[in-house]
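Hi everyone, thanks for making time this morning. I'd like to walk you through one model, so please have a look at it with me.

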Amino acid sequence: MKIDKDDLKIYGRKLYRYEYDLIYSNMYILLGEHTAVMIDSVESEAALQLMKTKGIEKIWMIVTHEHYDHIQGINYYKRHFECCIMGSKEALKAMKDPKENLAAYLESMVLFKNLPDNWRERYNIPEDYSCEGDIVLENNGVFQWEDIQFKIIYTPGHSKGSICIAIGNDYYFTGDSLIAGEKVILRLPGGNRKKYYEITGPFLTSITDNAIIFPGHGESGTKEEFNIVC
């Protein structure tokens, strides 16, 4: 069952989804009384205004992996809120390097075809983009926020620093390790087909069919709608 972006919920709590309009990568936000959790980060004026209107003072950001289209908004939100950026050790390290976060190579990425003229200026994408992380999330570790536990599962393959985030056995943020109707890209710098098949594939297969998947690109839905292909 596909789920409309306006109907996303986690245990009854509204989950907001915003897209990066260059490549349609997803950012997800849960709002608390004065804090928010952000899964991946893209610039969005609408998201900024929502959080300001709701009185958010601090954002806990979890990055599913280090690629530019999933960390593009980090420095933007840090200008407006207190932020704590969390991810795997490999992701936080790679975010600091434009070559490892792929900002320097966007022209050659298969995902970035038919770009408009002056696209770097138009989308404000510097070749030297980098950002800093704060807290390393360990494999099988748990981040507690209000009444929700986010369990971290290392899922290498798409990138060195890829993780999935589980909330109970009911909800999973999968970044680019699982996307509906798309093959997982394993050939980018830092990708590893062997680790994907040995570690990530078996984990994804173990997710129950009725669990809700919130992917790094595209629409959310139940696990049974997502084919584990690469």
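Before that, some ground rules. This is a predicted model, where local features need pLDDT of at least 70 and side-chain atom pairs count only at pLDDT 80 or more, while totals for chains, interfaces and linings use all residues. Residues are numbered from 1 along each chain as its sequence is written, and side-chain values use heavy atoms, leaving out hydrogens and water.

Let's begin with the cores. By nonpolar core I mean a set of buried Ala, Val, Leu, Ile, Met, Phe, Trp, Tyr and Cys residues joined through side-chain atoms within 4.5 Å. Buried is under 20% relative accessible area, exposed is over 50%, and partly exposed is in between, with a 1.4 Å probe and protein chains only. The largest core has 37 residues, and I29, M51, I59, I74 and Y77 touch the most other members. Helix α1, residues 45-53, gives the largest share of this core, 4 residues. Helices (H or I, at least four residues) and strands (E, at least two) are DSSP runs, numbered from the N terminus. What does M51 touch? Setting aside residues up to four places away in sequence, its partners include I29, L31, I59, Y77 and F81; contact here means heavy atoms within 4.5 Å. Another core, of 26 residues, lies apart from that one, and I10, F150, I163 and F173 are among its members.

Now find Y28, in strand β4, residues 25-31. Y28 is buried, at 2% relative accessible area. Beyond its neighbours within four places in sequence, Y28 is in contact with residues including L8, V37, F173, F214 and P215. Y28 and P215 are 187 residues apart along the chain, yet their C-alpha atoms are separated by 9.8 Å. A polar atom of the Y28 side chain lies 2.6 Å from the backbone oxygen of P215. That is a polar contact: a pair of N or O atoms within 3.5 Å, where within protein one must be able to donate a hydrogen and the other to accept it, and residues adjacent in sequence count only if both atoms are side-chain atoms.

Next, helix α6. Where does α6 kink? The kink, about 40°, is at T200, shortly before the proline P202; the bend at a residue is the angle between axes fitted to the seven residues ending there and the seven starting there. T200 is buried, with a relative accessible area of 0%. Among the contacts of T200 are T155, P156 and S177. The buried residues of α6 are Y196, T200, G201, F203 and L204, and their cover includes β10, β11 and β12.

Two loop residues deserve a quick look. Y24, between β3 and β4, has a positive phi near 65° without being a glycine. D40, in the loop between β5 and α1, also has a positive phi, about 60°, and is not a glycine. D40 is buried at 3%.

Finally, the cysteines. How many disulfides are there? Taking a disulfide as a pair of cysteine sulfur atoms within 2.5 Å, the count is 0. C83 is in none, since the nearest cysteine sulfur, in C84, is 8.9 Å away. For C131, the closest cysteine sulfur is that of C83, 11 Å off and too far for a bond. C83 is buried at 15%, and C131 is buried at 3%.
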